[in-house]
Amino acid sequence: MTKPEVRPDGAVASTAPFGRTVLVMTISGLLVVGQMYLVLPLFSAMAADWQTTASAVTWTTTAFGLAYAGGFLLTGPLSDRLGRRRVVVTGLSVLAVATVVAAFAPSLPVAIACRIAQGIGAAGFSPAALAYLTERIAPARRSVALTCLVTAMVASTVTGQLVAQALLPIGGWRGVFVINACLVAALAATLRVVMLPEQATGARGSLGSFFGAMAKLVTRPVLLLIDLGALTVLGSFVAVYTALQLLGPDELGRPDVLLGLRASALPALVAIPFLAPVLAKLRATFRAALALVIGAAAVLGLAFAGGSSLLTIGALLFLFVAAIAAVSPGLTELTGMLSGPARGAGVALYTFSLMAGASLGPQLVSLLGGSGFTTVLVAICVLQLAGAALLLTAERFRPR
C-alpha cells in the first residue's frame with residue numbers, strides 16, 4: 001500500500017516500495033553507467049578487429065561520455081515535464097538498441113556513432129532516477145536510497161571493466177556488447193513495472209526557465225569553480241585506467257593481472273558510504289580537495305612503481321580509487337544546496353562537468369602516450385592537484 005506525500009510544489013506523490021525500488025535502481029546504476037567504462041579492457045581487441053590503433057579506439061569512450069554528459073542537460077528537464085518513468089524507460093530502450101547495433105559495427109566511425117547514441121540513451125537514466133528516488137521514497141529512508149544509487153554509479157567505473165574483461169574470452173568484444181544489450185533491455189522492462197506511474201509535473205516550469213536558471217548559476221564563482229574542479233575527478237580516474245591498459249608496466253600485461261587489480265579496488269568503493277559520517281565532519285570543498293591531493297600522491301606512486309610488486313601497485317590503486325570515490329557525494333549535495341530553487345539545474349551542470357571530464361580522460365592518455373607511462377601519470381597527478389586548487393579557491397567564495 002502506498003502513502004501520499006505532499007511535495008514542496010504542492011503536488012501529491014505516492015511513496016514507492018523501498019526494497020524492490022532501491023534494489024532495481026542500484027542494479028540499473030551499475031549496468032547503465034558501466035556502459036561507458038566497459039570498453040576500457042576491449043581497446044586492443046576492437047583495434048585488432050578494425051585494423052587501427054588502441055589509441056584511436058579511445059574515442060569510443062570519449063564519444064559516449066560527451067553524449068552522456070550533454071544528455072543530462074536535456075533529460076533532466078524533460079523528466080520534469082514528461083515524467084521520470086517515461087524518460088528512464090525510453091532512454092534505456094534507446095541504449096539497448098544502440099548497444100546491439102554497436103556489437104556489429106564494421107568500423108571505428110560506425111562504432112563511435114553507436115556510442116554517441118548509447119550515451120544519449122544512458123543519459124535518460126541518471127537525472128530522472130535520482131529525482132524519482134527523491135520524490136517517491138519516504139523521507140526517513142530517502143538518504144539510504146540515494147546513497148545506494150550514487151555508490152552504484154561510482155562503483156560502475158570498476159564493475160563495468162570487470163564485466164567486460166570477464167566476458168571477453170567467452171564471446172569476444174562483440175559478444176560483450178550483445179550480452180549488455182540484452183541486460184539493458186531486461187532492465188528497461190523491469191523498471192517499467194517497478195517504477196510508479198507518471199504524475200502531472202507541468203507546474204515545475206518550462207525548458208526555457210530551466211536553461212535560464214542554468215545560465216545564471218554559471219556566473220556564480222563558487223559553483224563555476226566547483227564545476228571546473230569536477231572536470232578533473234573522473235577525468236583522472238578514466239585516464240589512469242586507460243594508461244594501465246595501454247601503457248602499463250610489463251607485469252600488468254596479463255589479462256588476469258589487470259582483472260585482479262580492478263577487482264581489488266571494489267572494497268574501496270564499498271567502504272566510502274560507511275565512512276560518510278566521518279567524512280561529513282569536513283566541509284565538502286575541503287574534503288574533495290584533500291581527496292584529490294591523496295589521489296594525486298597515489299598516482300605519483302604508480303608513475304614510479306614500474307619495478308614494484310603487484311601488491312604495491314594494487315595498494316596504490318586502492319588508495320587512488322578510494323580518494324576518487326570520496327569526492328563526489330559531498331560536492332553533489334553542496335551544489336544542490338548552493339543552487340537554491342534551481343537545484344535541478346545546478347546538479348545537472350555539476351554532473352555534466354563530472355562526466356565531460358571522464359570522456360576527455362582517454363584523450364589525455366592518447367595525446368601524451370608517446371612520452372611513456374610515467375609521463376602520462378605525472379600529468380594526471382598535476383591535473384588532480386589543479387582540481388584541488390580550484391576547489392580550495394571555491395571554498396573562499398562559499399557563503400558562511
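Visitor: Before we start, which pLDDT do local features need here?

Guide: Happy to set that out: residues are numbered from 1 along each chain as its sequence is written, and side-chain values use heavy atoms, with hydrogens and water left out. In this predicted model, side-chain atom pairs count only at pLDDT 80 or more, totals for chains, interfaces and linings use all residues, and local features need pLDDT of at least 70.

Visitor: Let's begin with helix packing. Are helix α11 and helix α19 roughly parallel or roughly antiparallel to each other?

Guide: Helices here are DSSP runs (H or I, at least four residues), numbered from the N terminus. Helix α11 (residues 233-247) packs against helix α19 (residues 373-397) at an angle of about 175°, with the axes 10 Å apart; axes are lines fitted to C-alpha atoms over the stretch in contact, and angles run from 0 to 180 degrees between N-to-C directions. Angles under 35 degrees count as roughly parallel, over 145 as roughly antiparallel, 65 to 115 as roughly perpendicular and the rest as oblique. Therefore α11 and α19 are roughly antiparallel.

Visitor: How many nonpolar residues does the contact of α11 with α19 have?

Guide: Contact means heavy atoms within 4.5 Å. On the α11 side the contact is made by Ser236, Ala239, Val240, Ala243, Leu244 and Leu247, and on the α19 side by Phe373, Val376, Leu377, Ile380, Leu383 and Gln384. Ala, Val, Leu, Ile, Met, Phe, Trp, Tyr, Cys and Pro count as nonpolar, Asp, Glu, Lys and Arg as charged, and the others, Gly among them, as polar. The division is two polar, no charged and, for the class you asked about, 10 nonpolar.

Visitor: Now to α5 and α7. Is their crossing left-handed or right-handed?

Guide: The axes of helix α5 (residues 84-102) and helix α7 (residues 126-136) come within 9 Å and cross at roughly 150°, which means that α5 is roughly antiparallel to α7. A crossing is left-handed if the near helix is turned anticlockwise from the far one by less than a right angle, and right-handed if clockwise. The way α5 passes α7 is left-handed.

Visitor: How many charged residues are in the contact of α5 with α7?

Guide: From α5 come Arg84, Val87 and Val88, and from α7 come Ala128, Ala129, Ala131, Tyr132 and Glu135. By class there are six nonpolar, no polar and, to finish, two charged.

Visitor: Which residues of α17 make the contact with α15?

Guide: Helix α15 (residues 284-303) and helix α17 (residues 328-339) have axes that come within 9 Å and cross at roughly 150°, so α15 is roughly antiparallel to α17. Their crossing is left-handed. Ala284, Thr285, Arg287 and Ala288 of α15 meet, on the α17 side, Gly330, Leu331 and Leu334.

Visitor: How many Å apart in space are Gln165 and Leu38?

Guide: Gln165 is found in helix α8 (residues 139-194) and is buried, with a relative accessible area of 9%. Gln165 and Leu38 are 127 residues apart in sequence, yet their C-alpha to C-alpha separation is 8.0 Å.

Visitor: What is the phi of Gln51?

Guide: Gln51 sits in the loop between α2 (43-50) and α3 (54-57) and is exposed, with a relative accessible area of 75%. Most residues other than glycine have a negative phi. Gln51 is not a glycine, but its phi is positive, at about 55°.

Visitor: Which residues does Ser366 touch, not counting those up to four places away in sequence?

Guide: Ser366 has its place in helix α18 (residues 343-368). With a relative accessible area of 29%, Ser366 is partly exposed. On that count, Ser366 touches Ser55 and Thr58.

Visitor: Last one: how many disulfides does the count come to?

Guide: A disulfide is taken as a pair of cysteine sulfur atoms within 2.5 Å. By this rule the count comes to zero.

Notes: Helices (H or I, at least four residues) and strands (E, at least two) are DSSP runs, numbered from the N terminus. Buried means under 20% relative accessible area, exposed over 50%, partly exposed in between (1.4 Å probe, protein chains only).
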